[in-house]
Amino acid sequence: MEFTPIIMLVVMFAIFYFLLIRPQQKRQKKVQEMHAALQKGDKIVTIGGLHGTIDAIDENQVVIMVDSNNKLTFDRQAIREVVNPD
């Protein structure tokens, strides 16, 4: 009985895991950490490319001030990145 096909299948699964699945899980974890760390005053960019400053935040939504008087409400998941100058 040959185990070569089974070994090849296991090797292919390992390659897929380390090249595709694991990096995606790491990216997803970083995004979740970024969403959890959002706070009022952060300068952000949404998935749609809108730049603004967080004016208010709750567990599911974020109110973004886009200029001096305009405020828009977005889902928290719509925030792509925080661009605070360091």
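Gly48 is exposed in this predicted model, with a relative accessible area of 78%, where exposed denotes over 50%, buried under 20% and partly exposed the range in between, for a 1.4 Å probe and protein chains only. The residue lies in the loop between strand 1 (43-46) and strand 2 (51-57). Gly48 and Gln24 are separated by 24 residues in sequence, and their C-alpha atoms by 21 Å in space. The model is predicted, and local features need pLDDT of at least 70, side-chain atom pairs count only at pLDDT 80 or more, and totals for chains, interfaces and linings use all residues. Residues are numbered from 1 along each chain as its sequence is written, and side-chain values use heavy atoms, with hydrogens and water left out.

The protein chain contains one helix and five strands, where helices (H or I, at least four residues) and strands (E, at least two) are DSSP runs numbered from the N terminus. From the N terminus on, the order of these elements is α-β-β-β-β-β. The radius of gyration of the protein chain is 20 Å, well over the 12 Å that the globule rule gives for 86 residues, so the chain is more spread out than a compact globule. This radius is taken over C-alpha atoms, and the globule rule is 2.2 Å times the number of residues to the power 0.38. Along its principal axes, the C-alpha trace spans about 75 × 25 × 20 Å. Of the 86 residues, 16% count as buried.

Phe18 is located in helix 1 and is exposed, with a relative accessible area of 52%. Phe18 and Gln32 are 14 residues apart in sequence, with 21 Å between their C-alpha atoms. His35 also belongs to helix 1 (residues 4-36), but counts as buried at 5% relative accessibility. When residues up to four places away in sequence are not counted, His35 touches Arg76, Gln77 and Ile79, a contact being heavy atoms within 4.5 Å.

The largest nonpolar core consists of seven residues, namely Met34, Leu38, Ile44, Ile54, Val62, Ile64 and Ile79. Such a core is a set of buried Ala, Val, Leu, Ile, Met, Phe, Trp, Tyr and Cys residues joined through side-chain atoms within 4.5 Å. Beyond four places in sequence, the residues touched by Ile54 include Leu38, Ile44, Val62 and Ile79.

Contacts were also examined within the strands. Val45, in strand 1, counts as buried at 1% relative accessibility. Leaving aside neighbours within four places in sequence, Val45 is in contact with Leu50, His51, Ile79, Arg80, Glu81 and Val83. The C-alpha atoms of Val45 and Val83 are separated by 7.2 Å, although these residues are 38 apart along the chain. Thr73 is placed in strand 4 (residues 71-75) and touches Gln61, Val62 and Val63, with residues up to four places away in sequence not counted. Thr73 and Val63 are 10 residues apart in sequence, and their C-alpha atoms are 4.4 Å apart. Across the protein chain, 36% of the contacts between residues at least 6 apart in sequence join residues at least 24 apart.

The protein chain has 10 positive and 10 negative side chains, and the centres of the two sets lie 5 Å apart. Lys and Arg count as positive and Asp and Glu as negative, while His and the chain ends are not counted; each charge is placed at NZ of Lys, CZ of Arg, CG of Asp or CD of Glu.
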